[in-house]
Amino acid sequence: MERAKCLELIYPEIEDKLVVTIMGACAQELYDLGHRESFFYLQHAMGLASSIGLGLARHLPHEKVIVLDGDGSALMNLGTFATLARYRPSNLVHIIFDNGSLLSTGGFDSHTTAGITDLAAIARGAGIEHAVSVTETMGFGEAFVEAMERADLSVIVAHVDAVGPDIYGMDFALPENAFRFKRCVQERRAATGWKPPPRPGSVGSA
Amino acid sequence: MTVSYDNSKAVFEGIKAAGITSISALPETWLGLLLQRAEDDPDVDLIQVAKEEEAIGVAAGAYFAGEPHVLLMQNHGFFGAMNGIISLAQLYSIPLCMLIAVRGHWGEPYPWHTRGGIVTEGLLRALNIPYEHARDPEAVAKQIAEAYTFSRSSLSPVALLLTRDLMED
Ligand SMILES: Cc1ncc(C[n+]2csc(CCOP(=O)(O)OP(=O)(O)O)c2C)c(N)n1
């Protein structure tokens, strides 16, 4: 199973959702399917995609938040599973593409390569009830549909090949992605009737 | 040593007065009474993390969502959060308003805190993180509001250092 194929499969469902993806190959594969203002690409800080997802999901109950993670990134922040289990955001779907590789940094084996470390079991052990492992594209699709329909925190560990795109590049700078993503999130929140708190400098004189 | 009940209250009231509705934290002695108040307050959402670096992600999510947020941690947690601060907050121009309990400085009786206390300000300077010391319970509410305002206008991490003078009786 290839991650790019999995992303292609779910793209019609996630293109209007808030999506936080890890760096490199995964980010590029999502971008290549078509950038949306509701996509945030975490290009360097390993492990924090799910933490950003928690911060979003917790404050935006009307949204479904999708996190696209990797085995190497998830292994850098195993505590996140316990934090997610504790707060159990019902609107968060945490997908971990386990390619057994640190692909985006040259393809070194990760701890999951030999199949010894089971990230779904770690998630379950941390207290996440709905954490499944899938190895076939069909199974991935089914797990994804269930996760989207379920009003509960879901973790999907998708075992994929260690392959990525040939060409890398995006047509915006990193802060620009953050600015546009924030604007998008806030406009969607405002559409629910929510009013943003006043910005610094918006009252009084400069 | 006892943690100051009155000054913990002053800090919490300062956080509330600054319009903060969301807090991420990892508990430690000086923050205990403060976090108890946050937990008991229905208007404040407290998210306790397993490691401080997670809170950088949570804070970024809260910022994107438009929710006024502060982070509470001790200085050793700031050390453990550093890559998140640099490679998420600073790289993407995401504000962080960090209230950091500075253990291991003037008057510190516990040896295990001291190395961290000694290097804290040097590390803040190395990261270009603006900081102020909070020592006076009368001034702390204003300092919190100013720290939050500055983090938002500069789109960068800022730190208000909670000192022994403030946090202990
Ligand atoms: C703290 C830190 N250490 C090392 C790196 C170098 N690095 C960049 S991508 C990467 C691997 C990411 O692996 P994974 O999350 O499994 O995603 P994949 O690239 O395999 O899709 C590493 C180690 C980094 N970005 N940050």
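Helix 3 of chain B and helix 5 of chain B cross in a right-handed sense, meaning that the near helix is turned clockwise from the far one by less than a right angle. The contact (heavy atoms within 4.5 Å) is made by E53(B), I56(B), G57(B) and A60(B) of helix 3 and N83(B), G84(B), I85(B), L88(B) and A89(B) of helix 5. By class, 5 of these residues are nonpolar, 3 polar and 1 charged; Gly counts as polar here. This is a predicted model, in which local features need pLDDT of at least 70, side-chain atom pairs count only at pLDDT 80 or more, and totals for chains, interfaces and linings use all residues. Residues are numbered from 1 along each chain as its sequence is written, chains are lettered from A in the order in which they are written, and side-chain values use heavy atoms, without hydrogens and water.

Two packed helices are described by the angle and the distance between their axes. The axes of helix 3 (residues 52-65) and helix 5 (residues 82-92) of chain B come within 8 Å and cross at roughly 20°. The two helices are therefore roughly parallel (angles under 35 degrees).

In chain A, R150(A) lies in the loop between helix 7 (137-149) and strand 8 (154-159). R150(A) is partly exposed, at 24% relative accessibility (buried means under 20%, exposed over 50%, partly exposed in between, with a 1.4 Å probe and protein chains only). Leaving out residues up to four places away in sequence, R150(A) touches K64(A), S90(A) and H130(A).

The whole structure has 0 disulfides (pairs of cysteine sulfur atoms within 2.5 Å). For C6(A), the nearest cysteine sulfur, that of C26(A), is 10 Å away. C6(A) is buried, with a relative accessible area of 0%.

Key:
Axes fitted to C-alpha atoms, helices over the stretch in contact; angles between N-to-C directions. Helix = DSSP H or I, 4+ residues; strand = E, 2+ residues; numbered from the N terminus. Parallel < 35°, antiparallel > 145°, perpendicular 65-115°, else oblique.
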